[in-house]
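Happy to walk through this one with you. Let's take the labels one at a time and see what stands behind each.

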Amino acid sequence: MAKKRALITGINGQDGSYLSELLLEQGYEVWGILRRNSVAETQTSRIQHLRERDLLRLEYGDMLDMASLVRVLKASRPDEIYNLAAQSHVRISFDQPIYTAESAGMGTLLLLEAFRLTCPGARFYQAGSSEMFGEPAESPQNERTPLNPVSPYGCAKTFAHHLARQYRQSYGLFISNGILFNHESPRRGENFVTAKVVIGALEIRHGLRRSLALGNLDARRDWGHAKDYVRAMWRMLQHAAPDDFVIATGQDRSVRELVEFVFARLGLGDWRPYITSDPRYLRPTEITHLRGDASKARTLLGWMPTIGFEQLLDEMIAHFEPIVAGRRR
Ligand code: G4F
């Protein structure tokens with residue numbers, strides 16, 4: 001039987017790298033779209049191990065260059081399309097709202113249109129976010145919770161989410177929306193709070209810094225492992241019918257609890273003398289509490305998270321420890 005082909009936008013991100021590994025394990029031919037970047041070597045560090053073994057087909061393209069999207073879709077003739085590309089940092093989306101709206105919102109529209117015109121028989125996964133809920137009226141949040149975004153990133157993702165639904169309804173295309181809560185891993189970017197706290201605490205332990213500046217410690221998030229979450233994306237496209245699915249652990253922790261856990265794990269004792277507050281890391285509008293209800297995904301997709309909060313952070317600590325230790329002179 002011919003190999004299934006998958007095309008991933010945002011293949012060089014945290015989720016793109018884990019999804020590539022999962023699809024390769026399942027015997028897929030994996031194609032990815034890469035944006036031309038002047039810092040090419042850092043751009044593909046998460047997928048370097050796959051590139052070295054010549055396991056990926058990477059094509060230059062850009063979410064805002066529809067001709068490039070059409071070209072790559074025609075060349076790859078995918079069975080499945082995973083749209084993961086976006087400027088995904090919420091705080092930064094307040095500084096770069098237009099770029100965020102273009103990459104996460106308009107880029108999705110261009111890709112949906114290119115998909116509809118070139119390969120409408122493919123299946124399409126749209127990466128939505130719990131950030132779309134804004135400050136939710138109910139807890140935990142599920143697929144029926146109203147969307148009320150409070151950041152440019154949340155608004156852009158909501159636009160993309162609604163378009164994906166509209167394309168599914170209007171044209172009968174197989175498009176599934178994931179509504180993914182925070183998901184982390186050793187491949188998480190260093191300016192997201194889990195990686196920032198782990199690296200900052202390790203730097204304190206190794207004498208590389210005295211303190212760590214953070215924003216809102218009271219915010220509560222539902223943190224899972226990216227490896228579990230890409231499995232959910234894949235399962236959505238294997239399901240009999242397209243649909244929307246919340247993907248979450250159902251457990252929430254505050255940023256303070258995250259800090260407490262990491263500092264205790266590293267034997268640093270009381271974390272309070274080390275943490276300072278910096279308004280640069282606050283958002284003009286913050287979501288104080290997100291917790292997801294993934295029972296629909298459990299029932300229909302048989303999906304469950306396998307890695308909990310503590311195991312996730314232990315894995316991140318073990319990964320970053322030698323890297324930080326190596327920075328010591
Ligand atoms: O790690 P964060 O930056 O993630 P955030 O904003 O929740 O967004 C992440 O999850 C979304 C899913 O809900 C994704 F769609 C999105 O792309 C991204 O992956 O911040 C988590 C919490 C926030 O409440 C933030 O205000 O941590 C708080 N925080 C406190 N101090 C901080 C900091 N966040 C960052 N990045 N840096 C700080 O110093």
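**Around the ligand**

The ligand is surrounded by 24 residues, and the closest are Ser88, Ser129, Ser130, Arg283 and Glu286; a residue counts as near if one of its heavy atoms lies within 4 Å. This is a predicted model, in which local features need pLDDT of at least 70, side-chain atom pairs count only at pLDDT 80 or more, and totals for chains, interfaces and linings use all residues. Residues are numbered from 1 along each chain as its sequence is written, and side-chain values use heavy atoms, with hydrogens and water left out.

Q: What distance separates Lys196 from the ligand?
A: One of the polar side-chain atoms of Lys196 is 2.7 Å from a ligand oxygen atom.

Q: How do you know that Asn191 takes part through its backbone?
A: Here a backbone N or O atom lies 2.9 Å from a nitrogen atom of the ligand.

**The cysteines**

Q: Why is Cys119 called buried?
A: Buried means under 20% relative accessible area (1.4 Å probe, protein chains only), exposed over 50%, and partly exposed in between. Cys119 has 11%, so Cys119 is buried.

Q: Why is Cys155 called partly exposed?
A: Cys155 has a relative accessible area of 40%, therefore Cys155 falls in the partly exposed range.

Conventions
Polar contact = N/O pair within 3.5 Å; in protein donor to acceptor, adjacent residues only side chain to side chain.
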